[in-house]
Amino acid sequence: MKEFDLNKRREFLKASALLAGGAMLSSIPLAGAYAAGKGTIKIALVGCGGRGTGAAFQALQTKHDVKLVAMADAFRDRLDDSYKPLFEKFGKSKVDVPEGKKFVGFDAYKKAIAEADVVLLATPPGFRPIHFEEAVKQNKHVFMEKPVATDSPGIRSVLATAEEAKKKKLNVVVGLQRRYQKNYREAMKRIEDGALGDITSGQVYWNSGGVWVRPRKPEQTEMEYQMRNWYYFNWLCGDHITEQHIHNIDVANWIKNDYPVSAQGTGSRFLRTGKEYGEIYDNHTVEFIYKDGTVLQSQCRHFEGTDNRVDESFQGTKGRVYLSADNIARLTDYKGNVIYDHAGKGDPNPYQTEHDELFAAIAAGQFKFSDAERGAKSTMTSLLGRYATYSGHEVKWDDALNSNISLMPETFAWDAKPKVLPDANGLYPIAIPGKTKVI
Amino acid sequence: MNLSKAPFHILLAGLACFTLFPNTAQSQQNSKENYTQGVTGTKLKFDMVAIPGGEFMMGSPANEQGRETDEGPQHPVKIDPFWIGKYEVTWDVFEPFVYKDYELTQSNGTVSPEVDAVARPTKPYLDMTFGMGKENHPAVGMTQYNAIQFCKWLYARTGVFYRLPTEAEWEYASKAGTNTAYSFGNNAAALGEHAWYKANSGDETHEVGSKKPNAWGLYDMHGNVAEWTMDQYIPDYYKKFKGKAAANPVAVPDKLYPHVVRGGSFQDEAAALRSANREGSDPDWKRIDPQIPKSNWWFPEAPFVGLRLVRPVNPPSEAEIEAYYNQAPTPDY
């Protein structure tokens, strides 16, 4: 019986691997905005921060005829800071963004998307569902950064748009770069082939010291302040369990080839309590429970001065694996014998590989990538974790996904009010387990 | 005059800073004595070793095993006395500079405005210990700019001028009066007693000071982590000294790449750990940085680079100190 189950599982894995890897999709001719041999592939950058600019660099560094033709950001200074290095590095032949194609403000994305064949979506993640929907509506291929939403309505929107993108044969790559990193791919190949047996437990970590703060300026409206400090507000960032730890949570989903049915956990705001840190927690510990009973433990924290750790370990019926972004993948059995030890020196840069593979498919007129669904479901997994730690309750996947609590503001304007506002002392309301309603 | 509110640059003038930092009045320091530097207002401290001035042959003889052409011609170099870190700088001392909130938890009182005014690194997005541990382990992955700003933070904290060693000072300190490939001789087979390197490191850093020191009492000059120097890496730099003695030479950098790192690391083969071996920093150390411009502060692919502090016996003028600490970073993309 056991053997039968294993085989069945592997068949399922193979089928899904084909879908994810593209062998089944690659023969489908492309019907989207860009057709093979059409000449220059025009790209638009929506979200001109450091990561967006990095993504544009990678797109322009692919070996295809790619040109940046439009840029959009809520802030003019961010757009200018992005344009300068792009133009200096690539010149007019690859960065042709005249003043009239630099779009600023909350609606800028629509105009930039209209100019391009492929759009790079790299704003804070709260905007992703809106921008992704518009890009697919306008028949564009998409590279979008993770996470892809910050609340359940956003996830459902991305899932619906993902279906639409598939129907339209639009390539969508999500920037969960471990999926494009050689050590992870090599390990997963072997695990799918049964090298570790069934995965029965695991631990995933993003324990680090936290990120930047941009001090409040007197002339800023509350909306501008929150946008500048997007990391500390859930409608924009999703908390660090979503914004950073999604990487490791996604690896858990990848190795289980599934998504959890429920989660329970604990978290708090313990060391990082100042008003400059908005409303997010500084630590979360979550148990994700999968339908076969597997419990995967996730831990993330922003504690300065403590041990850092960003990696993943999993245990199977036949052995274990250790994975980390430093090009490590080590599979061993329980006698200590090495099954596979990845030699990672000189591996390609996974951030570049994402773009190399996406643009190769587009240039060849192939439909190969539909990452949006799994991007949305892994984002949903991280939200499930946040719901569990914020509420102190066990949260079921289906209940969480169907939640109608939206974190997004009613209107987007500099003088509009976000839903979470500071009190007289400048402090923001913080989720209290046992009291706060999250779904 | 209220010293606590005085601007940073005024405090640096004259003796004012030493009255502000009474625990660290190293202006009286005997240049021949080793000392322990407390980080004012915290329990943190580190050891400095007095190195006498002198003359040595910089570079390696043509017959040295593993020698590369950038190590010649060997030439005499005169060095003024200085103190150098007994150990590589550890995370214990480096991390309070990285994290302001953490520094507060390490401090006996509030952090002075002068200290607070020092620019701090952007918080690293990744785990910059690379899973290799923190306590007593060398701090790694910082850029040369970051290393210099750390010196500035120490200056604000202690009133003592610390900087990176020049390439010449580093090699003089490493050779410790010898002219052999390693400070203990030419036989790489003995390296395991003195250094963490590829053959014995298990591909990670180790606690500083856990191998034998050189004759001048300096630990881990060979291996553990490669160490930043002040100099631009110029492969044929030594040619200009042919036939004349150089005095305190330094190739003052005017480009972001490459800068010299010395000593080899836990990842390197024996030959790279030789005292005369020279390596240059490489943009590839930031290849994987997903942001543009890339970080001024961190090398996400250089777990092998760290630093060691130098304090010159004769400190430079206030203006020179300011110039050294206050160079704007070069955008990297």
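**Exercise 1.** Find out which residue stands opposite Val46(A) in strand 2 of chain A.

*Solution.* Start with the pair itself: Val46(A) faces Ala72(A), which sits in strand 2 of chain A. Now zoom out to the strands. Strand 1 (residues 41-46) and strand 2 (residues 66-73) of chain A run parallel and are joined by six bridges. Strands here are DSSP runs (E, at least two residues), helices are runs of H or I with at least four, and both are numbered from the N terminus. Two strands pair if DSSP finds at least two bridges between them.

A word on the model: it is predicted, so local features need pLDDT of at least 70 and side-chain atom pairs count only at pLDDT 80 or more, while totals for chains, interfaces and linings use all residues. Residues are numbered from 1 along each chain as its sequence is written, chains are lettered from A and ligands numbered from 1 in the order written, and side-chain values use heavy atoms, leaving out hydrogens and water.

**Exercise 2.** Work out in what order the six strands of the open sheet in chain A come, and which ones are the edge strands.

*Solution.* Walk across the sheet: the order is 3-2-1-4-5-6, with parallel pairing.

**Exercise 3.** Hop over to chain B and decide how many of the eight residues in helix 3 (residues 91-98) are buried.

*Solution.* Seven of the eight are buried (under 20% relative accessible area, 1.4 Å probe, protein chains only). Among them are Trp91(B), Phe94(B) and Phe97(B). Then look for the cover: it includes strand 2 (45-51), helix 4 (100-106) and helix 6 (144-158) of chain B.

**Exercise 4.** Describe how many residues each chain brings to the contact between chain B and chain A.

*Solution.* Count first: chain B gives 20 residues and chain A gives 30, where contact means heavy atoms within 4.5 Å. Then take the area: the two chains bury about 2300 Å² between them, 49% of it on carbon and sulfur atoms. Buried area is the accessible area (1.4 Å probe) lost on putting two parts together, summed over both. Finally, Tyr125(B), Ile292(B) and Tyr333(B) supply 29% of the area that chain B buries against chain A, more than any other three residues.

Note on methods. Buried means under 20% relative accessible area, exposed over 50%, partly exposed in between (1.4 Å probe, protein chains only).
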